[in-house]
Amino acid sequence: MKKKAAIRKLDGKRDNAARLPRTVRLVVAALILRPAADGAEEVLICQRKADQPMSLKWEFPGGKIEAGEGPEEALRRELDEELGIDAEIGPLLTRVRHNYRNGGAVDIQFFRVRSFTGELQNRIFQQIRWSGFEALPEYDFLAADLGMIHDLAEGKLKV
């Protein structure tokens, strides 16, 4: 009987540990848009390098919100660091919270960017490219972006 009680006690401790709150990273990302030749719009997408976490996955440019920054300020800084542009940050389009299997979580705010100054420079990515919304599901995007990718491709999310 004593062994069973000890096992239950250990199981209880394990259950409590599983209930600890997840660490949530606050992140911003940009849907940088331009008119396409066919009159539709294209969005800039970026591929992570092979030596980065979640290597070679596609994503939208952006990054972590640092302490003391607002979302728009963080996005402006990230776009300068990653692409060498000074962006005019437009409205918030959507917000996504994604829980990863490893226990971490990310809260991403996606903003529209239609205007920026400077020439696009690929400073940190494997590659960057323009894509039509309907082609986005063909790319291997980060898990946190997948729901929004399908909404964009199906016209459910208006930009």
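**Chatting through a pocket, a Trp and some Phe rings**

User: What kinds of residues line the largest pocket, by class?
Analyst: This is a predicted model, and in it the lining has 14 nonpolar, three polar and eight charged residues.

User: How much space is in there?
Analyst: The largest pocket holds about 470 Å³. It has 25 lining residues, and the closest to its centre are Arg-25, Val-27, Arg-48, Glu-59 and Gly-63.

User: Which element gives the largest share of that lining?
Analyst: That's E1, with four residues. Strand E1 (24–35), strand E4 (62–64), helix H2 (71–83) and strand E6 (105–117) each supply at least two.

User: New topic. Where does Trp-130 lie?
Analyst: You'll find Trp-130 in strand E7, which covers residues 127–132.

User: What is Trp-130 in contact with, leaving aside its neighbours within four places in sequence?
Analyst: Its contacts there include Ile-32, Leu-33, Glu-42 and Leu-120. Also, Ile-45 is 85 residues from Trp-130 in sequence, yet their C-alpha atoms are 6.2 Å apart.

User: OK, how many aromatic pairs does the structure hold?
Analyst: Three. In one of them, Phe-60 and Phe-110 have ring centres 6.1 Å apart and planes at 90°, so the pair is edge-to-face. This pair links distant parts of the chain: Phe-60 sits in the loop between strand E3 (58–59) and E4, while Phe-110 is in strand E6, 50 residues apart.

User: Are those two buried or exposed?
Analyst: Phe-60 and Phe-110 are both buried. Together with Phe-141, they form one aromatic cluster.

Notes. Residues are numbered from 1 along each chain as its sequence is written. This is a predicted model: local features need pLDDT of at least 70, side-chain atom pairs count only at pLDDT 80 or more; totals for chains, interfaces and linings use all residues. Side-chain values use heavy atoms; hydrogens and water are left out. On a 1 Å grid over the protein atoms alone, a cavity is a set of points where a 1.4 Å probe fits but cannot get out, and a pocket is an open set with protein on both sides within 12 Å along at least five of seven lines; lining residues have an atom within 4 Å of a point. Grid points are joined across faces, edges and corners, and a volume is the space filled by probe spheres set on the points. Ala, Val, Leu, Ile, Met, Phe, Trp, Tyr, Cys and Pro count as nonpolar, Asp, Glu, Lys and Arg as charged, and the others, Gly among them, as polar. Contact means heavy atoms within 4.5 Å. Rings of Phe, Tyr and Trp (its six-membered ring) pair if their centres lie within 6.5 Å; planes under 30 degrees apart count as stacked, over 60 as edge-to-face and the rest as tilted. Buried means under 20% relative accessible area, exposed over 50%, partly exposed in between (1.4 Å probe, protein chains only).
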